[in-house]
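Here's a quick briefing on a protein chain to read alongside its sequence and model. Have the structure open and follow along topic by topic.

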Amino acid sequence: TMRDAPGIGITAPHIGVLKRVVVIELADGQGVRSYINPLIEWSSDVLVRNMEGSVSMPGMNDEVERPAAIRIRYQDISGTAQ
């Protein structure tokens with residue numbers, strides 16, 4: 001679904017699954033990454049602006065301001081805490 005959208009990331013609610021799951025595939029060659037129950041532990045005070053879109057609204061893009069860096073806690077697809 002994420003690739004067909006097309007997109008680089010998708011959350012479970014985008015496909016009607018009400019779970020805290022995020023899947024991304026960046027162009028860095030590391031493959032698909034899955035984050036189960038992600039929790040932001042820290043975010044930088046420095047903000048950056050980037051163009052973003054959403055798989056739920058194809059073709060719609062806008063500039064979004066977000067922290068330049070974050071630290072997260074999550075479980076991987078095997079359930080191991082990261």
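**The largest pocket**

The largest pocket has a lining of 32 residues, and those nearest its centre are I8, V22, I24, E52 and R66. Keep in mind as you look around that this is a predicted model.

- The space inside the largest pocket comes to about 1,100 Å³.
- Sort the lining by class and you get 21 nonpolar residues, 8 polar ones and 3 charged ones.

**The chain as a whole**

- Walk along the sequence and the pattern reads β-β-β-β-β-β.
- The C-alpha trace spans about 35 × 35 × 30 Å along its principal axes.
- The protein chain has 82 residues, and 11% of them count as buried.

**The open sheet**

- Here's a bit of background: strands in a sheet pair up through backbone hydrogen bonds, and the pairing can be parallel or antiparallel.
- In this model, 4 strands make an open sheet, with antiparallel pairing and the order β1-β2-β3-β6.
- Which strands sit at the edges? They are β1 and β6, and each of these pairs on one side only.
- Going from one strand to the next, the twist averages 45 degrees.
- Zoom in on β3 and β6, and you'll see an antiparallel pairing over 5 bridges.
- I36 has Q75, in β6, standing opposite.

**An aromatic pair**

- To describe two aromatic rings as a pair, you give the distance between the centres and the angle between the planes.
- How many aromatic pairs are there? The count comes to 1.
- Why is the pair of Y35 and Y74 called edge-to-face? The ring centres are 4.6 Å apart and the planes of Y35 and Y74 sit at 70 degrees, and edge-to-face applies to planes over 60 degrees apart.
- Y35 belongs to strand β3 and Y74 to strand β6, so this pair ties together parts that are 39 residues apart in sequence.
- Buried or exposed, what are these two tyrosines? Both Y35 and Y74 are buried.

Key:
Residues are numbered from 1 along each chain as its sequence is written. This is a predicted model: local features need pLDDT of at least 70, side-chain atom pairs count only at pLDDT 80 or more; totals for chains, interfaces and linings use all residues. Side-chain values use heavy atoms; hydrogens and water are left out. On a 1 Å grid over the protein atoms alone, a cavity is a set of points where a 1.4 Å probe fits but cannot get out, and a pocket is an open set with protein on both sides within 12 Å along at least five of seven lines; lining residues have an atom within 4 Å of a point. Grid points are joined across faces, edges and corners, and a volume is the space filled by probe spheres set on the points. Ala, Val, Leu, Ile, Met, Phe, Trp, Tyr, Cys and Pro count as nonpolar, Asp, Glu, Lys and Arg as charged, and the others, Gly among them, as polar. Two strands pair if DSSP finds at least two bridges between them. Helices (H or I, at least four residues) and strands (E, at least two) are DSSP runs, numbered from the N terminus. Axes are lines fitted to C-alpha atoms, for helices over the stretch in contact, and angles run from 0 to 180 degrees between N-to-C directions. Rings of Phe, Tyr and Trp (its six-membered ring) pair if their centres lie within 6.5 Å; planes under 30 degrees apart count as stacked, over 60 as edge-to-face and the rest as tilted. Buried means under 20% relative accessible area, exposed over 50%, partly exposed in between (1.4 Å probe, protein chains only).
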